[in-house]
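The points follow the display.

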Amino acid sequence: MDYQKVINSKIQSVKPSGIRKFFDIASEMDNVISLSVGEPDFKTPWHVREEGINSLQLGKTWYTPNRGFTALREEISNYYNRRFNVKYDPATQVLVTVGGSEAIDVAIRCLAGPGDEVIIPQPSFVCYEPLTLMAGATPVLMDTKVENEFRVVPEDLEKAITDKTKLLILPYPNNPTGGIMEKEDLEKIAQVIKKHDIMVLSDEIYAELTYNEQRHISIANIDGMYERTIVVNGFSKSYAMTGWRLGYALGPTEILSQMTKLHQFCIMSAPTTAQYAAIEALKKGDNDIESMRNEYEMRKNFIVGSFEKLGLTCFEPKGAFYCFPCIKSTGLSSEEFCTRLIKEKHVAVVPGNAFGESGEGFIRVSYCNTLANISKAMKRIESFLQELKDENKS
């Protein structure tokens, strides 16, 4: 049978994730230090795990309401009000999803379709462009620049907007660059967004991971943006709950009702055990967040300083848990650099162009690993760079 004829052409045209390639290579090698995957190396805090275990022991394994447990939606609402000063009605403005990824997918499908354009700043996480394509809409890729600290600037946004523009993806704090948008940045682009009457999908999964005493500001908190913003967040990064697969969307009632309908038919409800654990995380997890963030910040300072000492310019990340050093001085492409590094020195990082062509000449390095392993990896990278220099001399 010719399966090419029966598989949806839109799905066939989507390229696999460039992140997983190097993770898969690393998994088949010995003595590899992986700085490639964006997953906290911390265990889910014990009191959170215990609540999930307790729910299983009590046999609480039934379906939940489509939107998620009322108690969880109330805690999510309280959390966003407490941490980011944005209020949402738990009854109509909160949807619990299977990870933040489902929330992004459902939001894009509800807001954009054939004939619509979705503006996607790059470098950025790999899912936005393929999800837009699978929704039948057209991705409009907008490069962000290191000289602007990888922010979205109003001039570039204005140029990207057409009469077909429906949605702007706003992925901050940013994966892979670690860039953030400060209040004044958001206020500037908000003027453009309101002028053209478009919607925003604000992916805030790294909202709790900001550094130098800088707190995340949600664009939903900017004047005139609450009613035109869908916020996506979850528990994977801030609470080290990646495998629990739990996220959520926040936004206007009218849009959330449609997103809930789509969620209802394709998923029905998010994992029950994870929801019980998440309630505990939101109630008592603020100290867990601070502890992990402090550790990430220490690692960030070490790894950025190490790259600078090695002669690789590295924008200092202000959020998330990645750095994005420039490797153009080596003469290698991002793909060549990463392939040789893992094969020759057994260190796994990700090519910057996996996050869009504007990421070419950079690599993404995750500091979701122990300081001891990061230190070993940096010594291997130092050796690799020295050998490259020796090659170029000969």
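Where is the place of P123?

1. P123 is in the loop between β3 (117–122) and α6; helices (H or I, at least four residues) and strands (E, at least two) are DSSP runs, numbered from the N terminus. The peptide bond from Q122 to P123 is cis, with omega near 5 degrees.

2. This is a predicted model, in which local features need pLDDT of at least 70, side-chain atom pairs count only at pLDDT 80 or more, and totals for chains, interfaces and linings use all residues. Residues are numbered from 1 along each chain as its sequence is written, and side-chain values use heavy atoms, with hydrogens and water left out.

3. A further cis peptide bond runs from Y172 to P173, with omega near -10 degrees. P173 lies in the loop between β5 (165–170) and α8 (183–196). Most peptide bonds are trans, and most residues other than glycine have a negative phi.

4. E149, not a glycine, has a positive phi of about 55 degrees and belongs to the loop between β4 (138–143) and α7 (154–160). In E213, phi is near 60 degrees; this residue is found in the loop between β6 (199–203) and β7 (229–234).

5. I33 is part of strand β1 (residues 33–34). The C-alpha atoms of I33 and A348 are separated by 6.3 Å, although the two residues are 315 apart along the chain. Beyond neighbours within four places in sequence, I33 has contacts (heavy atoms within 4.5 Å) with residues including H346, V347, A348 and R380.
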